[in-house]
Protein chains: 4
Amino acid sequence: MKRVSFESDYNNGTLPEILSRLIAENDNKTSGYGSDPYTASAKEKIRQAIGCPDADIFFLIGGTQTNQTVIDALLLGCEGVIAAESAHINVHESGAIEAYGHKVLVIPSEGSKLTAKGIDQYMSAFLADETYPHMVLPRMVYITMPTELGMLYTKQEIEDIQEVCRRYDLLLYADGARLGYGLTSSQSDITLPWLAQHVDAFYIGGTKVGAMFGEAVVFSNIKAPRAFFTTVKRHGALLAKGRMLGIQFDTLFTDNLYLRVARHANEMAERLRGIFISHGIQMGVDSPTNQQFVILTPQEKEQLMESIAFEVWSPLPDGNILCRFVTSWATTEEDLLALDKALAGLA
Amino acid sequence: MKRVSFESDYNNGTLPEILSRLIAENDNKTSGYGSDPYTASAKEKIRQAIGCPDADIFFLIGGTQTNQTVIDALLLGCEGVIAAESAHINVHESGAIEAYGHKVLVIPSEGSKLTAKGIDQYMSAFLADETYPHMVLPRMVYITMPTELGMLYTKQEIEDIQEVCRRYDLLLYADGARLGYGLTSSQSDITLPWLAQHVDAFYIGGTKVGAMFGEAVVFSNIKAPRAFFTTVKRHGALLAKGRMLGIQFDTLFTDNLYLRVARHANEMAERLRGIFISHGIQMGVDSPTNQQFVILTPQEKEQLMESIAFEVWSPLPDGNILCRFVTSWATTEEDLLALDKALAGLA
Amino acid sequence: MKRVSFESDYNNGTLPEILSRLIAENDNKTSGYGSDPYTASAKEKIRQAIGCPDADIFFLIGGTQTNQTVIDALLLGCEGVIAAESAHINVHESGAIEAYGHKVLVIPSEGSKLTAKGIDQYMSAFLADETYPHMVLPRMVYITMPTELGMLYTKQEIEDIQEVCRRYDLLLYADGARLGYGLTSSQSDITLPWLAQHVDAFYIGGTKVGAMFGEAVVFSNIKAPRAFFTTVKRHGALLAKGRMLGIQFDTLFTDNLYLRVARHANEMAERLRGIFISHGIQMGVDSPTNQQFVILTPQEKEQLMESIAFEVWSPLPDGNILCRFVTSWATTEEDLLALDKALAGLA
Amino acid sequence: MKRVSFESDYNNGTLPEILSRLIAENDNKTSGYGSDPYTASAKEKIRQAIGCPDADIFFLIGGTQTNQTVIDALLLGCEGVIAAESAHINVHESGAIEAYGHKVLVIPSEGSKLTAKGIDQYMSAFLADETYPHMVLPRMVYITMPTELGMLYTKQEIEDIQEVCRRYDLLLYADGARLGYGLTSSQSDITLPWLAQHVDAFYIGGTKVGAMFGEAVVFSNIKAPRAFFTTVKRHGALLAKGRMLGIQFDTLFTDNLYLRVARHANEMAERLRGIFISHGIQMGVDSPTNQQFVILTPQEKEQLMESIAFEVWSPLPDGNILCRFVTSWATTEEDLLALDKALAGLA
């Protein structure tokens, strides 16, 4: 199983720093469900890292669960969430948002990014339609940071989106499943405290940034919804041994580990990108984060898969194939060398 | 935090055998969402352990989530699940079953156990009521093994329940959050293969029997419901790094570890019980498993809590307090000695 | 089909006054969905009748739908509604409340009535249980006026319930499917304005009090929940030809028709009760409203059913049968005579 | 209120034939919830009219409710329904489909019509995507007959859709809110029995074709889902005085009334269309049924609204306005004359 794999950033184990910490604390006994000192400490460290001493923070287990729980808690049943067509909640959550009764309102996007202008046009058309009380009422804007295609929002873009959200009384929620990669991208002008100030709620993804599992939900500009703890439990999202989340996030937010491992992955992604280009392979998306999308011919794809694991993203109209290569904390020099060698060997 | 605690069986860390295995496999890369060799191996070992070579098995993360997902997958919206008043799904899941539209149909129980007779009486009265098509239709019987009060069903009792379920076309589902403790109790006449043959579906609890997290859903007498994988995802119950579940259950079902650690906890519970009795403390429930319920005066409770952590279960009509003491893989001789000493010191 | 029937108060046609009005207005054209002058007029008349000039009022079609919509609109997903075991929402709505995710929290009742004491005991025990954040959170008290067994709450009882609701921050909601019969009972000390002041929301049942269909939801002590119109639509509870509801309620609240027809039914019920007693038949419930429950032997039941339609309510432990006889606007002298005669003819 | 209105086909009263029948039967007593002879007779007449002696038929109250109930009953939670962007279930049901957990899967359409080719492309792309088990699984195709824009499917188009549905194991469901207008359009080559054979389920709309309310759900090619009666009740869609639905549909399916009144409306629509064209007004949609869409300048719209009621559909990019004029059983010669006159008077 020690194969060379760029399939995803969850194809690997757990950050050694986290594993060590789990071992070190293993013999202790604590109360369950997040009533433990590790969880308290992790929350405090995140509050400092985001510069919001009063933020309400909760640790959940996975991304779909987190989106489902947060969106359900913030919206009435008849309210919906605006998202790009490519949004994770629209495509890859098996209807988890609808499972709790909420419609995902898809509006036009640029690449995989929503725009303030797009939201504005949608909302003004919505309100101009006299029949809108018979429709799902837009109440939240969902963005991903970075997007499902590895793209980034700029400060200006988020400020504009925030402004349009305020104008139309929409909540702004950022899915940060890969937040670390977004924040540490060489192309990013956004910091964690800045983001916290410019969205109502967001989550800091652990699973895809080195944790075994875990996502930290942050209500940074609004208070947590009433009875949110009970809502988390109702969603099956409350971990009995809650300290396992506390220990992980406490470790991630010690000595900047979260950003350091994300930066490593981004650097490896940039080198991976360089390797593809050096072999004359075309990039399919202009991504400045840890997900790289390349265009392979069917033959290239087949041949490359013999030695390297990666994900087929989608067929292209011209017969070629968009493929995804993802780096993570666990991506090594050897992995890149193996890829370089495999590309060199393509017929 | 190295306090003496009998609060629960999830107040502790992870079985050392599991931790070691997680470390040993940490550098490998595998596909996500359960498409990894550890998960495949774990399923195969469980199939052997239960004697069902064709059983459909899925690994989920926690108990509430598991109950919610299985019950939702097996029932129509208008169908409900019969349970005891004390059932976990009725009391301590924050409405997770109702969240997916299903009513919990509470019927009289003995202690915390359903009886074939009780189910029979309920069903015959239900069907005799001409208005029943206006009611929630009973479709499943939910039992816990052992129950929330640590009690056990006998072979005969389950056979009788199975018979009544077949008569009324009810599915029989066993919540095995603490299954190991039930199977290894000195009072139990049930084995894992026998149980698998006598219920339609059940889950083997990992979280409370030494795992970091994880529950193994087994469809032993019926096929898994159509599209169950997607249903699991929709419930937010699919772990991205699915191999973490595979590794844990593969370890638990190697060399009988699952039953061995449960047996240890039961033995410690029996000794704990002896210690209480030796100090003249009355037991509140006759439990042959790892949860022990004792009756303390308010003063005793206060004094004991100074040195020992445990859970207040419920006040009693006479002013005394029912308290719960739970053992686990992590319960040590020292813990018992500390308890003995603390009890000796009670005024 | 002109048989003598006491099956229910919806076994009949529509009040002639309503039918006439429907005919008189039939050629007019109006906007749909309740944006019509009849609906506006009906709301105004109800506001006057209840003495709440600012009450938010909505017309829905049937009782189950109404309960489902109101409860869903007022509660978070993790919040539940306290009810008596016999409550319509608990028994005869096929899980319509759970369909939108809410648990019905059954607590002990007296007959079919909740008591302030019972609610108080439940709530204080709930809050004393440290694990309550893992439970469904009680947020509403549901009462029926009159109850499913035809019983009435007194002023004092409702005042006491209101007081305990305020103490525990519970909403108080009254299901008035048969409200007219409750208000006009000779035993009732409650008026419509008084009720409106002592509950947060209630509905005035039309279907069972002479309308073809229709229930008027009144938010008398709270504002209607945000976006309630859209919530009604989402529940499939918005009638396209909404004026049919407006016309019916406008007629019912003209010249006191609603109370007059209810009073008629109550009087017929009292005479019906007298007839049963005169024939030595025992009453099963002490009901002062239009539903009368009598105890028949199996033979009596069989024989009586040959000429009279009524509903078998439930078998009794002694082998006899509790049967329900209901009067309505359509109950005539001839119906009572036929019953008297049939009873006289019993072997 | 006797204004000239083309706002909708539910801006009017009830067909006189139905009103007469309601009056004629008003004094009878029958059991509730559809257990009455009128309902039985109506079902039988519909079975004859569609040529399916074994079809399962249920009467519900309104269209949103009907779509919600049928779709919920036929799909698993994780399954979705394919629809055009303009589909009623996607736009104008306030999320009623999502309320029961189901995603509406919007695919490209032609005008407001789905195409076999579009479904085929969607399904083949879906199945080619290896991640599809993480997506909502398509399980049903929803078409409207006629569409929300008054357009018709041809026999060939439906045959092709049926074929592609069978290939991909998709159920085919037709929303017939305005079915009568579709069947009696001069452009239609489809009959009721033919439709019944070529879809799995559909509903015959009453509300918009002269009834006071009511829709007849027909399972013509499949059996009704298990416990559908209880599912209807759970959706709040079961009318207590169910005979009111029976009487209406029994009347509509006597002497071809349903098709006769639809034909009248279509003829009036054709004349209305002629009137607009004669005044040089451009049609916005090529609709052969009772909904006509015309393009007005803002000034025309304002001026026309002074004497005629109609619906503003949507603004057009060029600044003009798409407006909807609808005919029904209640549309008269006078209405058309008034429109003609009003158009003549436009500046």
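Leaving aside its neighbours within four places in sequence, which residues is Thr66(C) in contact with? Keep that question in mind as you open this predicted model; the tour comes back to it.

**Stop 1: chain A as a whole**

You will find 14 helices and 13 strands in it. Its C-alpha atoms fill a box of roughly 60 × 60 × 35 Å along the principal axes. A compact globule of 347 residues would have a radius of gyration near 20 Å, and the 21 Å of chain A agrees with that. If you colour by burial, 59% of the 347 residues in chain A come out as buried. Among the contacts in chain A with a separation of 6 or more, 74% link residues 24 or more positions apart.

**Stop 2: the seven-stranded sheet**

Next, switch to a cartoon view of chain A and look for an open sheet of seven strands, in the order β2-β8-β7-β6-β5-β3-β4, with mixed pairing. Select β2 (56–60) and β4 (104–106) of chain A: these stand at the edges, each with a single partner strand, so one side of each has no neighbour in the sheet. Ignoring direction, neighbouring strands of this sheet are turned by 25 degrees against each other on average.

Now pick β5 (residues 137–144) and β6 (residues 171–175) of chain A, which run parallel and are joined by five bridges. For one pair to zoom in on, select Tyr142(A), whose bridge partner in β6(A) is Tyr173(A).

**Stop 3: a hairpin**

Stay in chain A and move to β12 (residues 311–315) and β13 (residues 321–326), which pair in the antiparallel sense over four bridges. Val312(A) stands opposite Cys323(A) in β13(A). Together, β12(A) and β13(A) form a hairpin with five residues between them, and in the turn Gly319(A) has a positive phi of about 95 degrees.

**Stop 4: the nonpolar cores**

Bring back the other chains and select Val218(C) and Val218(D). These two have the most contacts inside the largest nonpolar core, which has 230 residues. Around Val218(D), beyond its neighbours within four places in sequence, the contacts include Ile46(D), Ile57(D), Phe202(D) and Tyr203(D). There is also a second, separate core of 228 residues, which includes Leu170(A), Ile247(A), Ala84(B) and Leu296(B).

**Stop 5: where chain D touches its neighbours**

Show chains C and D together. Here 46 residues of chain D are in contact with 45 residues of chain C. On the chain D side, the elements giving two or more residues are α1 (16–24), α3 (63–74), α5 (96–99) and α10 (228–234). That side divides into 16 nonpolar, 21 polar and nine charged residues.

**Stop 6**

Finally, select Thr66(C), which you will find in helix α3 (residues 63–74) of chain C. Is this residue buried or exposed? It has 28 C-beta neighbours inside 10 Å, so Thr66(C) counts as buried. And the opening question: beyond its neighbours within four places in sequence, Thr66(C) is in contact with Leu60(C), Tyr203(C), Glu215(C) and Val217(C). To end, draw a distance from Thr66(C) to Arg271(C): the two are 205 residues apart in sequence and 32 Å apart in space, C-alpha to C-alpha.

Conventions:
Residues numbered from 1 in each chain as written. Chains lettered and ligands numbered in written order. Predicted model: local features only at pLDDT ≥ 70, side-chain atom pairs only at ≥ 80, totals over all residues. Core = buried A, V, L, I, M, F, W, Y, C linked by C-beta atoms within 7 Å. Buried ≥ 20, exposed ≤ 12 C-beta atoms within 10 Å, placed from the backbone. Contact = placed C-beta atoms within 7 Å. Rg over C-alpha atoms; globule rule 2.2 N^0.38 Å. Pairing = 2+ DSSP bridges. Axes fitted to C-alpha atoms, helices over the stretch in contact; angles between N-to-C directions. Nonpolar A, V, L, I, M, F, W, Y, C, P; charged D, E, K, R; others polar.
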